[in-house]
Amino acid sequence: MRPEDRPTALEAVVRDGRIAAVTSPFVRVEPPPGSARFRHAGAGAAGRLREKLVVARNINQGVLEQYRKLAASLHYAQSQHGTRVLMMTSTLASEGKTLTATNLALTLSESYRRRVLLIDADLRRPTIHDMFDLPNVSGLNDVLYARDAALRCELFTMTAQLCVLTAGRPNPDPIGGLTSERMRQLVAAGTAEFDWVVIDTPPVGLLTDARLMSSMVDAVIFVISAGRTPYRLVHRAVEAVGRDRIFGVVLNKVAVQDLWRDYGSYSYSYYGYGSPRTKD
């Protein structure tokens with residue numbers, strides 16, 4: 001599907017038989033003072049993660065180059081196939097998918113000056129708010145389960161090009177909301193207003209209906225922890241999502257001697273997998 005042929009948020013709602021938001025469902029709000037600290041290191045686990053962001057002062061140049069390589073591949077895919085909605089996932093927890101999703105969103109917005117919406121859909125274990133030092137009082141979970149028929153949600157405006165939708169209160173059983181019509185409407189609204197929608201989802205091993213979730217997006221990027229994730233589990237996760245949806249793989253925590261000997265102790269590498277398949 002070409003970008004110009006995609007439904008707008010309004011068209012998606014009308015087709016669903018509802019007369020809902022004629023205007024944008026998104027309300028942009030400024031982050032609390034000091035929340036732009038994602039650009040700087042801080043204390044604790046969140047601070048250590050922020051040290052690995054592509055906008056950090058001491059970012060590993062080899063890592064930065066790999067994110068630019070991935071962003072360039074996606075930029076080409078968008079020009080050729082209209083790819084705009086990305087699902088970031090992994091097989092297991094703690095493989096680095098949230099850091100990868102955040103860095104990709106930052107690369108697309110900072111280096112390519114594209115309008116990016118970053119959504120924290122890992123409702124079991126939300127983390128993106130920590131990356132940006134944002135409150136997580138409400139967010140996607142509250143939008144998906146709100147009784148109000150109107151689709152309205154608040155986005156934190158981090159930069160002129162980057163908006164963030166936090167997860168909100170953790171949900172131990174989020175699959176109903178993540179595969180709902182309201183989630184589809186939210187994604188459609190995102191594509192109507194942004195150049196890219198990057199969705200950080202739960203690991204496929206915990207996402208009981210990964211194929212339904214992947215059907216909402218144009219492409220899936222898998223994050224795999226090198227030397228840690230068993231091949232059989234990766235294979236099972238790929239089958240659960242659908243091979244035709246997978247755009248590429250980010251191999252995380254690769255020993256530097258296997259890639260660039262001059263860039264520190266750990267790195268990342270992007271490996272192309274196949275052409276993205278746009279939604280039918």
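## Asn-103 and its surroundings

A polar atom of the Asn-103 side chain lies 2.8 Å from the backbone nitrogen of Val-54. The Asn-103 side chain also reaches the backbone oxygen of Lys-52, at 3.2 Å. This is a predicted model, in which local features need pLDDT of at least 70 and side-chain atom pairs count only at pLDDT 80 or more, while totals for chains, interfaces and linings use all residues. Residues are numbered from 1 along each chain as its sequence is written, and side-chain values use heavy atoms, with hydrogens and water left out.

Asn-103 lies in helix α4 (helices are DSSP runs of H or I with at least four residues, strands are E runs of at least two, and both are numbered from the N terminus). Its relative accessibility is 0%, so Asn-103 counts as buried (buried means under 20% relative accessible area, exposed over 50%, and partly exposed in between, with a 1.4 Å probe and protein chains only). Leaving aside neighbours within four places in sequence, Asn-103 is in contact with Lys-52, Leu-53, Val-54 and Tyr-67 (contact means heavy atoms within 4.5 Å).

## Helix α3

Tyr-67 is one of the buried residues of α3, which also include Gly-62, Val-63, Leu-64 and Gln-66. Further along α3, Leu-70, Ala-71, Leu-74, Ala-77 and Gln-78 are buried too. An α-helix has 3.6 residues a turn, so residues three or four places apart point the same way.

Helix α3 covers residues 61–81, 21 residues in total, and reaches 30 Å from its first C-alpha to its last. This is close to the 30 Å expected at 1.5 Å a residue (the expected span is 1.5 Å times one less than the number of residues). After α3 comes Gly-82, with a positive phi near 75 degrees.

## Salt bridges

The model has seven salt bridges (a side-chain nitrogen of Lys or Arg within 4 Å of a carboxyl oxygen of Asp or Glu). One of them joins Asp-195 and Arg-114, at 3.6 Å from N to O. Asp-195 is in the loop between α8 (181–193) and β6 (196–200), and Arg-114 is in the loop between α4 (97–110) and β3 (116–120), so the pair ties together parts 81 residues apart in sequence. Asp-195 is buried, at 12% relative accessible area, whereas Arg-114 is partly exposed at 25%.

Asp-142 and Arg-169 meet in a salt bridge at 2.6 Å, N to O. This pair links helix α6 (residues 140–144), which holds Asp-142, to the loop between β5 (162–165) and α7 (175–178), which holds Arg-169, 27 residues apart. Lys-97, Asp-122 and Asp-200 are linked in a salt-bridge network.

Definitions and conventions. A polar contact is a pair of N or O atoms within 3.5 Å; within protein, one must be able to donate a hydrogen and the other to accept it, and residues adjacent in sequence count only if both atoms are side-chain atoms.
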